[in-house]
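Please read the following alongside the sequence and the coordinates.

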Protein chains: 2
Amino acid sequence: MEHTYGVIMAGGKGERFWPLSTKRVPKPFIRLLATNTMIQMTVERLLKIVPEDRIMVVLGAEHLAIAQEQLSLWPAVRYLVEPAGRDTAPCIGLAAVTLQREDPKALMVVVPSDHYIPDQFIFVETMRKGIRLARDDARLVTTGIKPTRPETGYGYIQAGKRLPSDVPDGCFEVRRFVEKPDARRAADYLAEGGYYWNSGIFIWQADTVLRGIARHMPRLDRGLQQIRAAMDAGDEVKKDEFFCALEKRSIDYGLMEKAENVVMLEAGFIWDDVGTWSSLQRVLPADERGNCIHGEAVCVDTKGCVIYGEDVPVGTIGLENLIVVASKRGVLVCPKDRDQDARKIAGHMENDD
Amino acid sequence: MEHTYGVIMAGGKGERFWPLSTKRVPKPFIRLLATNTMIQMTVERLLKIVPEDRIMVVLGAEHLAIAQEQLSLWPAVRYLVEPAGRDTAPCIGLAAVTLQREDPKALMVVVPSDHYIPDQFIFVETMRKGIRLARDDARLVTTGIKPTRPETGYGYIQAGKRLPSDVPDGCFEVRRFVEKPDARRAADYLAEGGYYWNSGIFIWQADTVLRGIARHMPRLDRGLQQIRAAMDAGDEVKKDEFFCALEKRSIDYGLMEKAENVVMLEAGFIWDDVGTWSSLQRVLPADERGNCIHGEAVCVDTKGCVIYGEDVPVGTIGLENLIVVASKRGVLVCPKDRDQDARKIAGHMENDD
């Protein structure tokens, strides 16, 4: 697919996976349930759609070395370093400007670097449909996941009219984007139907998204024009200064909620953001006592626990509904409903790694 | 002190300290709360009483290499290898025969290899008193610890008449030895007074203990005579055969409960057998929320826990009355009252070390 580029957003912090993830080694760079790291698996998925030299990783300078090391199998992969984290809108804007300068017809498949998508094949199919939509109709294509539970941890997309298209899984206008709902509303969405999880996977032409930014985010647009001028002048320092001056804003809030040419592709693939340790319950099979175990573990009188061992055997006796994470870099033990606080632990540890 | 020998019994299994201790590395060889291992600290204590070349470690062949490695600072330390574990009476008998053949006046200070005795100075004082008693009066001297709580995990010694002696802490006839009591009786012992914990530290002349064995354990005596004959003949194979044919028997049950020339020395030193993970509560200071922490740990909303980290930082959130042990060799999590089951875990782990 000519002019198609994979853009991997790898700027997050991800300390919620302490002790596996830390400031220096955030979630994209950890091996979660796999022999490969999350960013390695993300690259492998994209390589089914675009060649290696059309994959771009957007990330902070502090993670460039580890990304290059982990992706050393693919030396043609490119890196776009953000001088500071400014959320997704500036990140995507910078990538769009960079690609458009080189290839005015550039089309971007924007994906997070740390999500769980077990089925590459269906992912690739969905992306191909999205690419067609984004190219032919100059749409801002977002990807919605059909919810399977009343999840309160994700944003939702309420689908509108089904569009006439050859996309079998369905392609919809977007009625509205919804922030993370409370439990009751999440249950309503599930019962009512027509609501989808916002996966954070976007497909669009660089030109389309930059036009959208120009219309709905004029300040970001001005900043991106300054950045483009600095790039034309070869002035890296200025470019970074302008980037740092941008406001933090998410692409959902800044653009997607306002633009009219947004469409939502219903994704057929299984997807999970695996945002916290307890989320592993959704992707790990449970034993007959409801324990989800990864790695070597001996569990005596233990039920409803998530046991995650990385190269360290775990023994548990008489536990219930706890998370136990064991690695050579650290050990975490907490009730399943307190796993968000792993961040606090990470923040307090003297030795980050 | 001429003719005095330190005999360290290091034949135990000690899987209750999994993951730190394992079959291959039992409790004497682990670092518990210290930079030195328990057997290293035991040797250091004995070196205040006897020279290096009068220290003998009795142990199984499978632990000879690790003992030699850990005690390599003291190359003159001797090793007596038991071809099989036969409990303390054969162990002590073998050591007594070995020493008596070389030195008919040999006096033995017999100590376990894995107990916690923080104050070397008082330990040495008590041992010196015991050595005097054992030498001058040909007594079987045992060491009793004044109980500080109604402990059900130890055997007790009920003291009899106080003996006229210059020993300031007191030296008593022994009325009886008591097996581990239940909680009510342990409370009675504490209230009543005159009961002491049986520390497993003995002082006697080799000659005295062998006479006692001859009188009260005739079968062991016969076996030891066969062993002595095999030693005289230089026949190691026979010697091992005879040892293996000995019955398992503890020195308390086989000899101490029966002999008349037993005296109990009241020990002034702090002592703990630290037999399980939860026993660390007794030797580690507790923080204001009742947590006993060793190593690097960040504890959020955690109370009454024992957190033991060896070279691995530990994070806990929302825990109560749990034990968390973290090491690069394994991780254990269990309620404080289930720590005896650590053995089960050790037994089920595929990779012992």
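Two strands are taken to pair if DSSP finds at least two bridges between them. In this predicted model, that criterion applies across the two chains: β13(A) is joined by three bridges to β15(B), residues 330-335 of chain B, and the two strands run parallel. Within this pairing, V314(A) stands opposite V331(B) of β15(B).

What does the whole contact between the chains take from each of them? Chain A contributes 31 residues and chain B contributes 30 residues. On the chain A side, at least two residues each come from β11 (297-300), β13 (314-317), β14 (322-327), β15 (330-335) and α11 (342-348). The element that gives the most to this side is β15(A), with six residues. By class, the side of chain A that touches chain B holds 19 nonpolar, six polar and six charged residues.

Chain A itself is divided into domain 1, residues 4-267, and domain 2, residues 277-348. The C-alpha centres of these two domains of chain A lie 30 Å apart. Their contact involves nine residues of domain 1 of chain A and 17 residues of domain 2 of chain A. On the side of domain 1 of chain A that touches domain 2, six residues are nonpolar, one is polar and two are charged.

In chain B, helix α7 (residues 218-232) and helix α8 (residues 236-244) have axes that come within 8 Å and cross at roughly 170°. Why is α7(B) described as roughly antiparallel to α8(B)? Angles over 145 degrees count as roughly antiparallel, and the axes of α7(B) and α8(B) cross at roughly 170°, so α7(B) is roughly antiparallel to α8(B). From α7(B), the contact is made by G223(B), Q226(B), I227(B), A230(B) and M231(B), while α8(B) supplies K238(B), K239(B), F242(B) and F243(B). These residues of the contact of α7(B) with α8(B) divide into five nonpolar, two polar and two charged.

Another helix of chain B, α4 (residues 120-137), contains R132(B). Is R132(B) buried, exposed or partly exposed? A residue is buried if 20 or more other C-beta atoms lie within 10 Å of its own, and exposed if 12 or fewer do. R132(B) has 17 C-beta neighbours inside 10 Å and therefore counts as partly exposed. Along the sequence, R132(B) and I203(B) are 71 residues apart, yet in space their C-alpha atoms are 9.5 Å apart.

Key
Residues are numbered from 1 along each chain as its sequence is written. Chains are lettered from A and ligands numbered from 1 in the order in which they are written. This is a predicted model: local features need pLDDT of at least 70, side-chain atom pairs count only at pLDDT 80 or more; totals for chains, interfaces and linings use all residues. Axes are lines fitted to C-alpha atoms, for helices over the stretch in contact, and angles run from 0 to 180 degrees between N-to-C directions. Helices (H or I, at least four residues) and strands (E, at least two) are DSSP runs, numbered from the N terminus. Angles under 35 degrees count as roughly parallel, over 145 as roughly antiparallel, 65 to 115 as roughly perpendicular and the rest as oblique. Two residues are in contact if their C-beta atoms, placed from the backbone, lie within 7 Å. Ala, Val, Leu, Ile, Met, Phe, Trp, Tyr, Cys and Pro count as nonpolar, Asp, Glu, Lys and Arg as charged, and the others, Gly among them, as polar. Domain bounds come from an automatic or database domain assignment.
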